[in-house]
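Reader: Hello! Could you walk me through a few features of a two-chain model and show me how to read each one?
Author: Gladly; let us look at the structure together.
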Amino acid sequence: MSLDSARQIQARFACGEVSAQEILEASFARIDAMDDRVGAFLTLMRDRAMTRARDLDRRRASGEDCGVLAGVPVAIKDNLCTRGARTTCASRMLADFIPPYDATVVGRLEAAGAVIVGKTNLDEFAMGSSTENSALGRTRNPWDLGRVPGGSSGGSAAAVAAGMVPIALGSDTGGSIRQPAALCGVVGLKPTYGAVSRYGLIAFASSLDQVGPLTGSVEDAARVLRVISGPDPRDSTSLPQALALPERLEGSLRSLRVGLIAELDTDGVDPETRAAVQRAADWFARSGASVERVSLPAIDHGIAVYYLIATAEASANLARYDGVRYGWRADRSDLLGMYRQTRDQGFGPEVKRRIMLGTYALSAGYYEACYQQGQLVRSRLRQDFEAGFERFDLLLSPTSPQTAFALGEKVDDPLAMYLADVATVGANLAGIPALSLPCGFDSRGLPIGLQLMGPALSEARLLGAALAFEHAHDYAGRLPAAIAGPVQP
Amino acid sequence: MSTTPTYEAVIGLEVHAELLTATKIFCGCAARFGSEPNTDVCPVCAGFPGTLPVLNGKVVEFAIMTGLALHCDIAPRCKFDRKNYFYPDLPKGYQISQYDQPIATKGFLEVRVADATTRVGVHRVHMEEDAGKLVHVGAAGLAGAEYSLVDLNRAGVPLLEIVSEPDIRSSEEARAYMAELRLLLLTLGVNDGRMEEGSLRCDANVSVRPAGRAELGTRTEVKNLNSLRFLQKAIDFEIERQIRVLSEGGAVLQETRLWSEERQVTYAMRSKEEASDYRYFPEPDLSPLVIDSGWIADIRARMPELPAARRTRLVDLGLSSYEAGVLVDQGELAAAFDAAAKASAYPRAIATWLIKDVTRLLNEGKLRLAELPFQPEHLARLVDLVETRAITVAAARQVLAALVTEGKDPAALVAEMGLAAMADDAALREIIERILDAHQAQVAEFKAGKTKVVGFLTGQVMRQTQGRAQPQQVNALLEEALARR
């Protein structure tokens, strides 16, 4: 059976055409057949999933409504806590960590009938843009197994792209949902900051982190967002009001004002990507929207500001991994030695680099020039976006300046890797929603991602415009040739 | 002890008060003392990955109340910050505190030292979470311990940090400030005042400078001051020590010192590995705290009467400032006074009874008023009986002992114990004549001019009447009778 649409799966389950157990078996069959090559998953939760599937089948048989995601297999990025199932952050530090609680989003998915099949690979502590910083496994891009899936939600993106699950959750601190979605040819949405609870998301940079869906279609992204968003008393930064997401998305583009961000339409962007984004802009113009180039000068400072603020927050967020209460502990009898070795052995090089950067940015004598200056520019950037949204309803850009790069291509050049986030960090710094969806393929057959950004809480508008684009094109739902072919359960 | 005239001490106090909220500051765990180790702990206060803090509104309310009681400005908007440092009792590797935007600033506390009232400025009041506790095995401290156990019951217990201005000039004044602050927190019901248990802690910043000099000397921070007495002694020691160092041409080192009650000295703590840089930055997991004026007004309206106001009111009722002070400093006496005085025309007499006889009874029995069936209204009635001369003071003391421990109506006790005043002149004269007959020798001494024996004879009469006769009346009748002999 096809696993590319949550909507279809739920409909077929609800009417009794297929059982949750059959759906789940199909999902595991596909994972078993191809995850050796793709490496999307770190942990499979077969028993928990099967128990839930049986439970769903029983409840449906007794006439119960099992929810809008009933029977739908989902993959969860392994920085989201799952009660009783190890949650590693792809780090040696947490390789054996079993949380005694579910993340709020995990609980909400399950309450809506979703069945969690497993935990997906990521860059260690979500720090990276290729998933190569995982200490626990390598994930490959289903479109070209020699290339990266993007990151840090690379496992989630690859799992959806490979048709193992129709939907997955990721987290996005500077592009970690959208960039892998773009590189793997799926839809990825980073919601407005505070729209989705962060409780149970293992923090990288608290003021930027946001959980969101990676899906095969825009409609499924909306469906997942409806389930996971909304206020959470356990997260003080979750917004008090729920997102207004109509049951039927408005697909009309008439009178929509679209801005093409000039700073992200330059020679720094791969020509084929640039051309694809231009074609998308032209399509918007043809479809009734007005399209203009718009300059947001603060975007150019985005990467610098992002790496000051994100690393500063990370340096504090990762201080708790000291070997005292949980996780990896080095075998040393003196306190200082235990601290030092635990953190030396438990963290990988990129995590250490960022802890060092962040500690520096907050240190006496550098705070004003680094962290404080970063906050200042961050508010400038926010103002730039606000000004932009007075004139435009939506902003367009490429999601990533290039399509999937080769495994190993950038691992020795952290700065080049950081620049992969140039188009995406702005939305996190401004706290606004942003969505990536496929808008074409390059000459190598690799998917290209189009990014749509809107003002805070404009998810309905973003999803509506994306839906219209998706319906008018046939980029969605394609399965990569590299791993194509039906698999029987 | 006092400083030599050429030096002046400059002292500021930093007080940490654990708040008496039912739950911790950022999670739902019980905030209490004495549970089994690591039983009042959840993933949030243990700093587990992915957990988030949620601010306890009661903590803010207590902070506002304390700020108002200290005449502070309450910030309409403030925030929390992360204070970063590694220690095994600090689960997140940072403490959530308030750095540059405390909830309350610029207040003062009036402090009485030897009849003079001075005003000690309150620099700031801020909210923060407490750390856990380390239990060292094999040694008294971390140094030399075989291993250490971590107890996180206290991690996340809410604290108020109250920082004074360096306005204090003597150890007596420091003690008085601390005592008054403790009383204030007790009166507000935000802290239990137990310095010995560590729920109210105090650090003193002490420096000295040549008298008349404006700039401050190098200060030391003295910790481990877990009683008012230790506080005063440690400050005295530290002042003397610094003066000695300076007089000998040395320099005071800026350092943290601990008071040793055993050795009666302060000593330098093991110096830290490096100068501490806490790398404060705004806590991104908590939104800025907005306090609207309506909330403040509501809290102000619900505040109990504060000690200073209470003292003034008692003085207005006719009490001496000493009496008012004694009653208010022991909150439960003041409460008993208020209840009794309401039902009596003799407030000053009630105060005297509370301060002298009731206090003596309590001390003798090591009792607390709250533990007894004592009813203040009964004290009011007893005082009425004394003041209207229905019973004597001596009889009243006997009634009081029963009244305090049995909680009975004094009039009933007087009847039961047969202690009604004996005011009948004829009956007293009869007793007096009998006594004089029995003490011919003393009567002769009186006649020879030794008038002192009147006291002895009065005592005999009082004993005969079991204290029920009024001494003045007995005296007058006795002198009459002696004159007739």
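Reader: How many salt bridges does the rule find across the interface of chain B and chain A?

Author: One salt bridge is found across that interface. There are also 15 residue pairs in polar contact between chain B and chain A, with both residues at pLDDT 80 or more. On the side of chain B that touches chain A, strand E4 (81-84) and strand E15 (281-282) of chain B each supply at least two residues. By class, that side of chain B has 22 nonpolar, six polar and five charged residues.

Reader: How many residues are in contact, and what area do the chains bury between them?

Author: In chain B, 33 residues are in contact with 37 residues of chain A. The two chains bury about 2,700 Å² between them, and 61% of that lies on carbon and sulfur atoms.

Reader: What should I keep in mind about confidence?

Author: Where pLDDT is low, predicted coordinates should not be read in detail. For chain B the mean pLDDT is 91, and 98% of its residues reach 70 or more. The model scores ipTM 0.95 and pTM 0.91.

Reader: Now for rings. How is an aromatic pair described?

Author: By the distance of the ring centres and the angle of the planes. A search of the whole structure gives 25 aromatic pairs over all chains. One of them is A:Tyr307 with A:Tyr418, a stacked pair at 3.9 Å centre to centre and 15 degrees between the planes. A:Tyr307 belongs to helix H9 (residues 302-317) of chain A and A:Tyr418 to helix H13 (residues 414-419) of chain A, so this pair ties together parts 111 residues apart in sequence.

Reader: And which backbone angles deserve a look?

Author: Most residues other than glycine have a negative phi, and most peptide bonds are trans. Here B:Asn38 has a positive phi of about 60 degrees, although it is not a glycine. B:Asn38 sits in the loop between strand E1 (7-18) and helix H1 (57-69) of chain B. In chain A, a cis peptide bond joins A:Gly151 and A:Ser152, with omega about 10 degrees. A:Ser152 is in the loop between strand E3 (115-120) and helix H5 (154-161) of chain A.

Reader: Back to charges: how many salt bridges are there over all chains?

Author: The whole structure has 66. Among them is A:Asp55 with A:Arg58, whose closest N and O atoms are 3.6 Å apart. These two residues are separated by about one helical turn, because they are three residues apart in helix H3 (residues 46-61) of chain A.

Key:
Residues numbered from 1 in each chain as written. Chains lettered and ligands numbered in written order. Predicted model: local features only at pLDDT ≥ 70, side-chain atom pairs only at ≥ 80, totals over all residues. Heavy atoms only, no water. pLDDT = per-residue confidence, 0-100. Contact = heavy atoms within 4.5 Å. Buried area = accessible area lost by both parts, 1.4 Å probe. Salt bridge = Lys/Arg side-chain N within 4 Å of Asp/Glu carboxyl O. Polar contact = N/O pair within 3.5 Å; in protein donor to acceptor, adjacent residues only side chain to side chain. Helix = DSSP H or I, 4+ residues; strand = E, 2+ residues; numbered from the N terminus. Nonpolar A, V, L, I, M, F, W, Y, C, P; charged D, E, K, R; others polar. Phe/Tyr/Trp six-rings, centres within 6.5 Å; stacked < 30°, edge-to-face > 60°.
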